[in-house]
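Subject: Structure handover

Hello,

Here is the structure you are taking over. Please open it first and then read the notes that follow it.

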Amino acid sequence: MADFVQKTVNKTAVRDLAVPIADVASFDNLIETIIDDNPFGCVGYTGSDGVPVAAIVRNREHYTAKVDFIDEETGKRVGTVSLQSPTIAAFNANAAAVMGNAALATAMGGEAERNYAGETYYAQLKCHNPSGDDYYVTFTRKTVRISSYQDDAIRNTVETWADAVPALA
């Protein structure tokens with residue numbers, strides 16, 4: 001019987017944030033700054049289809065808004081709506097639509113209130129290292145994850161950058 005032989009070593013490292021990223025605008029600014037400034041030293045390349053690929057791209061993302069419905073007399077939550085959206089624009093539009101939906105508030109039996117603390121954000125960046133390896137840096141409100149990297153120098157580069165970003169302490 002043939003044995004499996006390890007061909008690569010892909011690693012994952014996670015940083016738990018002491019304080020969640022404050023809001024979706026701060027989150028988006030962080031992601032855009034990384035894409036624009038390329039602090040990890042990633043390089044663009046040409047894909048197998050002949051199309052140029054940027055050094056850092058948004059690989060996956062989703063944003064979840066939370067709206068609670070509060071009974072005005074008791075102050076208790078009587079319902080909640082969770083809206084997962086593929087973009088920040090959709091996230092904002094969907095939350096606004098639920099907040100302004102009188103029929104939904106009536107059906108829930110309470111006043112709509114945005115639950116900002118319960119909202120979640122997720123963006124995975126795909127980075128192309130000069131060595132030719134692709135790796136991912138995934139951000140949520142509470143964590144930063146580096147995955148599918150082989151060389152510890154990649155983790156060290158991301159970690160050094162994150163150490164200098166106050167929101168990622």
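In this chain, 61% of the contacts with a separation of 6 or more are between residues 24 or more positions apart. Contact here means heavy atoms within 4.5 Å. This is a predicted model, in which local features need pLDDT of at least 70 and side-chain atom pairs count only at pLDDT 80 or more, while totals for chains, interfaces and linings use all residues. Residues are numbered from 1 along each chain as its sequence is written, and side-chain values use heavy atoms, with hydrogens and water left out.

Overall layout

The chain has four helices and nine strands. Helices (H or I, at least four residues) and strands (E, at least two) are DSSP runs, numbered from the N terminus. Along the sequence, their order is β-α-β-β-β-β-α-α-β-β-β-β-α. The radius of gyration is 20 Å, well over the 15 Å that the globule rule gives for 169 residues, so the chain is more spread out than a compact globule. That radius is taken over C-alpha atoms, and the globule rule is 2.2 Å times the number of residues to the power 0.38. Taken along the principal axes, the box filled by the C-alpha atoms is roughly 65 × 40 × 35 Å.

Surface and charge

Of the 169 residues, 33% count as buried. Buried means under 20% relative accessible area, exposed means over 50%, and partly exposed is in between (1.4 Å probe, protein chains only). The accessible surface of the chain is about 9800 Å², and carbon and sulfur atoms hold 51% of it. Such areas come from the Shrake-Rupley method with a 1.4 Å probe; for residues, only the protein chains shown count as cover.

There are 14 positive and 22 negative side chains, and the centres of the two sets lie 6 Å apart. Lys and Arg count as positive and Asp and Glu as negative, whereas His and the chain ends are not counted. Each charge is placed at NZ of Lys, CZ of Arg, CG of Asp or CD of Glu.

Aromatic pairs

Rings of Phe, Tyr and Trp (its six-membered ring) pair if their centres lie within 6.5 Å; planes under 30 degrees apart count as stacked, over 60 as edge-to-face and the rest as tilted. By this rule there are seven aromatic pairs. One of them joins tyrosine 63 and phenylalanine 91, edge-to-face, at 6.3 Å centre to centre and with 65° between the planes. Tyrosine 63 is in strand β4 (residues 56-70) and phenylalanine 91 in helix α2 (residues 88-99), so this pair ties together parts that are 28 residues apart in sequence. Both tyrosine 63 and phenylalanine 91 are buried.

How do the rings of phenylalanine 91 and tyrosine 121 pair? Their centres are 5.9 Å apart and their planes are at 85°, so the pair is edge-to-face. Since phenylalanine 91 lies in helix α2 and tyrosine 121 in strand β7 (residues 120-128), the pair ties together parts that are 30 residues apart in sequence. Phenylalanine 91 and tyrosine 121 are both buried. Phe27, Tyr63, Phe91 and Tyr121 form one aromatic cluster.

Single residues to look at

Asparagine 38 is not a glycine, yet has a positive phi of about 50°. Asparagine 38 sits in the loop between α1 (24-37) and β2 (45-46) and is partly exposed, at 22% relative accessibility. Glycine 41 is found in the loop between α1 and β2 as well, and counts as partly exposed at 36%.

Serine 148, in strand β9 (residues 143-149), has a positive phi of about 65° although it is not a glycine. Its relative accessible area is 30%, so serine 148 is partly exposed.

Is glycine 75 buried or exposed? Glycine 75 is exposed, because its relative accessible area is 52%. Its place is in the loop between β4 and β5 (77-85). From glycine 75 to glutamate 111 the distance is 9.7 Å, C-alpha to C-alpha, and the two are 36 residues apart in sequence.

Alanine 96 belongs to helix α2 and is partly exposed, with a relative accessible area of 48%.

Regards
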